[in-house]
Amino acid sequence: MLTQTTTRVLEPSDLGAALAVLESEPVANAFVTSRVQVAGLDPWRLGGEMWGWYADGMLRSLCYSGANLVPICAGPEAVRAFADRARRAGRRCSSIVGPAEATTRLWRLLEPSWGPAREVRANQPLMVTESLSADVTPDPLVRRVRKDETEVLMPACVAMFTEEVGISPLAGDGGLLYQARVAELIGTGRSFARIDDGKVVFKAEIGAATSQACQIQGVWVAPEHRGKGLSETGMAAVLRYALADVAPVVSLYVNDYNTPARKAYRRVGFREVGAFMSVLF
């Protein structure tokens with residue numbers, strides 16, 4: 001008996017079904033779940049479309065299509081359907097990112113028409129923890145960034161983004177969208193830093209947050225302070241805030257070649273549970 005499948009853009013009335021799919025994998029889907037919980041499925045508020053893949057009338061898989069293209073709970077058949085839709089629409093995103101297996105399939109199907117990519121990061125370990133490690137003492141000088149410190153924090157954010165992504169976030173619109181995002185994280189109390197004598201020594205943010213899981217991003221240590229263990233003590237401090245105030249599970253993903261960072265995160269208490277993949281344009 002053949003399975004009947006279809007793919008369509010989801011509407012606000014599909015919110016309950018979409019959240020059921022997203023919340024089935026709360027850690028891997030934290031980024032998209034957090035956006036949907038705030039903005040719903042209206043494309044204007046969400047910043048992109050949410051595509052749904054149905055099998056025998058049931059919503060099984062999703063794909064967020066905005067600044068990023070993100071496959072969600074997508075098996076091979078759903079990935080093929082999402083790739084067909086993405087190919088017809090043309091590339092509008094700056095990256096494809098998601099669980100490695102689905103993202104690898106999606107990129108193989110899209111590369112002939114969307115390639116070449118500027119960079120492909122095929123294996124980015126997904127790490128999680130539910131507790132603080134007893135081996136690392138949180139840095140007491142790491143704290144929430146105040147709204148009046150936005151200009152102090154901004155150069156560190158730009159340096160982190162440029163190092164990580166390979167291009168400046170100030171390109172294009174002069175950095176207006178990026179500055180707005182930095183200000184949003186500060187305003188919601190999810191930006192953390194150690195600031196010594198008016199300069200950022202360490203910083204990180206809780207970029208996505210739901211009641212079930214949150215995701216740390218943007219970890220950065222000033223070059224002149226690297227090799228001193230500040231990434232470990234700073235991360236431990238952010239982790240303490242996250243577990244106490246945000247969610248019972250904290251996650252992050254890191255490039256597989258960044259051996260020092262992976263080692264530091266393991267010391268803080270994180271363990272690897274899967275992998276993401278990023279395709280950068």
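Just after helix H8, Gly189 takes a positive phi of about 75°. Helices here are DSSP runs of H or I with at least four residues, strands are E runs of at least two, and both are numbered from the N terminus. The model is predicted, so local features need pLDDT of at least 70 and side-chain atom pairs count only at pLDDT 80 or more, while totals for chains, interfaces and linings use all residues. Residues are numbered from 1 along each chain as its sequence is written, and side-chain values use heavy atoms, with hydrogens and water left out.

Helix H8 holds 12 residues, 176-187. At 1.5 Å a residue, H8 should span 16 Å, and its end C-alpha atoms are 16 Å apart, which agrees. The expected span is 1.5 Å times one less than the number of residues.

Which residues of H8 are buried? They are Tyr178, Val182, Leu185 and Ile186. Buried means under 20% relative accessible area, exposed means over 50%, and partly exposed lies in between, with a 1.4 Å probe and protein chains only. An α-helix has 3.6 residues a turn, so residues three or four places apart point the same way. On the other side of H8, Leu176 and Leu177 are exposed.

What covers the buried residues of H8? The cover includes helix H6 (150-165) and the strands E8 (191-196), E9 (199-209) and E10 (214-221).

Look next at H6. The axes of H6 and H8 come within 11 Å and cross at roughly 120°. That makes H6 oblique to H8. Axes are lines fitted to C-alpha atoms, for helices over the stretch in contact, and angles run from 0 to 180 degrees between N-to-C directions. Under 35 degrees counts as roughly parallel, over 145 as roughly antiparallel, 65 to 115 as roughly perpendicular, and the rest as oblique. From H6, residues including Leu153, Cys157 and Phe161 take part in meeting Tyr178, Gln179, Val182 and Ile186 of H8.

Now turn to two other helices. Ser34 lies in helix H2, residues 30-39. At 11% relative accessibility, Ser34 counts as buried. Leaving aside neighbours within four places in sequence, Ser34 is in contact (heavy atoms within 4.5 Å) with Ala208, Ala209 and Thr210. Ala86 lies in helix H4, residues 76-89. At 1% relative accessibility, Ala86 counts as buried.
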